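User: Hi! I am new to reading protein structures. Could you show me how to go through this one step by step?

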Amino acid sequence: MIEIKNVSQSYVKGKKVIDNINFTIEDGIVFGVIGPNGAGKTTTINMITGILNMDEGDILIDGKSITDDPIEAKKRFGFVPDTPEIFEKLTGLEYLNLIGDVYEVKPEKRLEIVEKLAKEFGIYNDLKDRIQTYSHGMKQKLLIISVLMHNPKNWILDEPLTGLDPKASYLLKQLMRKHAKNGNTVFFSTHVLDVAEKICDKIAVIDKGRVIFVGTVKELKEKSKTNTSLEESFLKITGE
Amino acid sequence: MKTLTSVILKNSKRQELTSGSKILTVLAFLIVSGFLAIIMIVFSVIATKRLGEIGQSYAFVNMLLLMNFIIVFSESIFHALNTLYFSKDLNTFLRLPIKPKDLVHAKMVDMIISQYEMEALMLAIPAITYGVITQVSGLFYLYLLIILLVLPIIPISITTLIIAIIMRFTNFIKNKSKVMYITIILAILLLGVVLGNFTGGETEEFSVSTFERVILQANGLSREISERFVLIKPIMNTLLNYNNVIGLQNILVYVVETIVVFIAIRYIISTIYLKGAIGTIVNGQKDRKVMEKLTVKDFKKKLASKTYILKELKVMFRTPIFFIQCILMPLIYPAVTMAAVIGILNFAQKININIMETLMVNIRSSVGYATFLAIGQGFYMLNFSSIISVSKEGRSAILLKSFPIDLAKQFKYKTLIGVVVNIFPAIIITIAYYLCIKSIYLAVTLFLGLLLLNIFGEKCKLLVDLKNPQIKWETEYTMMKQNTNVMYELFYTIIVIMIMGLLGLIAGTTLYASILLLVVLIFANVMINKHITKKKSQIFAKLY
């Protein structure tokens with residue numbers, strides 16, 4: 001479970017990029033955060049993962065505060081950033097072992113998951129090559145495998161489908177659903193509204209640093225009084 | 001061609017800074033540049049006057065020209081490799097309908113212009129100081145200006161040609177780091193051969209008798225130098241004969257020589273450039289092969305700390321510019337300095353000047369003890385591993401913050417390489433000190449002091465890097481070259497040296513100096529550790 005409580009953040013003093021946001025992502029659901037470019041999606045994710053300090057409020061990951069108990073909080077999630085820039089001088093395998101060691105994953109478990117997922121994602125034969133030779137999509141796949149390898153309860157994914165080929169994209173969506181079905185949490189940001197509509201149990205709409213809606217897609221449509229697509233509801237609610 | 005050159009020049013400028021750090025950086029730049037300029041002026045005054053006493057003042061200008069020429073040569077190996085082959089802008093430029101000649105021209109001009117900053121400090125300031133002391137006329141300064149503009153062209157052209165030829169045949173190698181290492185080594189070897197052929201082959205070995213002979217002639221030493229380095233003989237002769245027709249003849253010869261070399265080399269490179277450049281980009285991608293089946297042996301479990309430090313080492317060793325600047329050079333500088341000091345002392349003894357006798361009085365004093373610590377700091381300054389420890393990772397450094405590893409521990413791991421590398425100069429300095437004063441107690445305390453200074457300094461460097469992380473870079477080389485944080489190393493060194501000197505003076509005796517300096521350094525380390533543990537979250541705050 002991820003709880004975001006009264007969180008604010010301003011890069012420049014007095015100019016809030018995140019303005020007092022509140023929402024809770026319960027266990028067992030896929031939760032999507034959508035919003036226009038520059039709305040504050042990545043900033044929110046960066047605060048949840050401890051990359052960015054918040055000015056006010058607190059974020060709890062399974063009850064552990066990212067501010068007061070960062071190590072315990074960080075052990076409870078796996079994170080895929082929006083730009084897959086990972087240590088380019090390492091090989092894919094070395095990166096997976098780095099993550100395995102950091103999260104204390106047993107070698108047998110590493111082998112089992114890596115073998116299965118790397119084959120499914122089509123990067124098995126590239127694992128001993130340096131990451132600098134990987135394409136954007138391959139790096140994204142490697143990051144996803146690294147997160148799944150230590151199998152955290154909470155997945156936090158920033159635009160995870162960007163750069164993935166159709167097969168990998170389909171596979172990841174399946175895995176996200178399966179993870180939530182097993183009682184875990186999947187929190188991800190996307191600008192592809194179709195994806196949000198298809199796989200999210202709940203969504204949050206962020207605009208200009210404020211959460212303007214939290215609920216199901218159906219509830220959003222009701223609120224915006226549109227009965228067609230999420231796209232239309234989204235445009236209406238964000239006033240675009 | 002003009003537009004492309006200006007685009008490449010703008011693209012190669014330093015990273016955008018925030019207004020706060022911009023003011024600080026400009027301030028630090030001014031202080032550091034001012035300090036360096038003062039050092040260069042003082043050094044130039046002393047050198048010109050001392051050489052003038054034996055009728056050899058012009059030898060100073062020749063040495064300057066030679067030194068600048070060598071610096072440009074050695075620097076241009078990395079510069080050419082990164083600008084022409086490993087620059088990310090190639091992904092854009094190679095797709096556009098641009099002639100190879102225009103691209104090569106633009107990139108060569110970029111490399112040439114980037115040398116002027118270094119020349120201003122290393123050549124213009126000392127040469128002007130020489131001019132003022134020796135009261136030369138305006139023509140000297142006019143020639144100097146022309147020389148400043150044309151001096152980098154020939155070394156850059158030659159190195160670029162060598163690199164282009166090597167890259168034409170090594171670009172098939174998939175591993176980019178391997179390509180870089182091979183190219184750098186081959187370039188150094190080929191450059192050695194080229195320069196070897198351009199130095200005076202007929203000249204005798206520079207022995208004591210040669211020295212005694214040339215020293216008796218007015219400016220004999222400078223003539224001896226110019227005879228040995230024929231490639232820059234015309235510019236050496238220009239400034240020596242600035243007030244007569246020989247100076248004019250020589251500058252014309254050198255300018256024409258430069259233009260011909262530049263045009264010819266640009267043409268040759270243009271014909272082979274595209275294959276090398278495209279090869280580098282294409283081979284940076286993949287060749288499909290089936291990998292051996294992974295086994296559990298491929299997933300050996302290690303401690304998080306060990307695996308983290310190993311990652312740091314791999315990044316360092318697998319990136320040639322990082323390896324050379326952060327590991328190799330900090331090891332080579334002290335060794336070379338030590339060899340040079342021994343050489344000078346031996347040579348001085350041969351010509352009956354006993355420098356050691358004068359030096360020993362100072363070495364035994366408390367200031368002497370502090371000076372050895374300051375020398376250590378001087379060598380530590382040349383080690384860039386901690387000041388780029390975060391920046392070297394690029395944007396992937398951000399990911400480190402999401403790891404469940406305490407930030408204070410990550411801080412410690414990141415300074416480890418710098419601390420370990422610096423132990424080498426610390427040992428050399430301690431041995432040198434022991435050989436001078438023959439006191440085990442003082443040598444041991446000096447070593448401990450050097451160690452504490454080392455640990456404290458590396459932490460300060462990382463604090464600077466975290467205060468202003470430069471993670472949005474195009475190539476590793478540009479990150480190193482344009483890293484404004486490196487200036488703070490010099491700034492920090494100046495302050496440390498001043499404090500060391502002051503404490504040495506206050507202490508009065510060597511024994512007191514050893515105690516006082518150790519106490520101060522222990523206190524400094526305790527304070528910085530407290531700060532890191534307490535403020536770790538704020539320290540890493542700018543990394544996002």
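Analyst: Happy to! Let's start with one pair: A:Ile4 has A:Phe23, in strand S2 of chain A, as its bridge partner. This is a predicted model, in which local features need pLDDT of at least 70 and side-chain atom pairs count only at pLDDT 80 or more, while totals for chains, interfaces and linings use all residues. Residues are numbered from 1 along each chain as its sequence is written, with chains lettered from A and ligands numbered from 1 in the order in which they are written.

User: How many bridges join S1(A) to S2(A), and how do the strands run?

Analyst: In general, strands of a sheet pair through backbone hydrogen bonds, either parallel or antiparallel. Here, strand S1 (residues 2–9) of chain A is joined to S2(A) by five bridges, and the two run antiparallel. Strands are DSSP runs of E with at least two residues, helices are runs of H or I with at least four, and both are numbered from the N terminus. Two strands pair if DSSP finds at least two bridges between them.

User: Which strands form the open sheet, and in what order?

Analyst: Four strands of chain A form the sheet, in the order S2-S1-S4-S5, with antiparallel pairing. S2 (18–25) and S5 (64–65) of chain A each have a single partner strand, so one side of each is left without a neighbour in the sheet.

User: What about chain B: how many helices and strands has it?

Analyst: Chain B has 24 helices and zero strands. Its division is into domain 1 (17–286) and domain 2 (307–539), with bounds from an automatic or database domain assignment. Between these domains of chain B, 17 residues of domain 1 are in contact with 17 residues of domain 2; contact means that C-beta atoms, placed from the backbone, lie within 7 Å. On the domain 1 side, H2(B) gives the most, with seven residues.

User: Why does B:Ala432 count as buried?

Analyst: A residue is buried if 20 or more other C-beta atoms lie within 10 Å of its own, exposed if 12 or fewer, and partly exposed in between, with C-beta atoms placed from the backbone. B:Ala432 counts as buried because 20 other C-beta atoms lie within 10 Å. Its place is in helix H19 (residues 407–437) of chain B. Of the 544 residues of chain B, 39% are buried.

User: And how many residues does each chain bring to the contact between them?

Analyst: Chain B brings 39 residues and chain A brings 37. On the chain B side, the largest share, five residues, comes from H14(B).

Conventions:
Contact = placed C-beta atoms within 7 Å.
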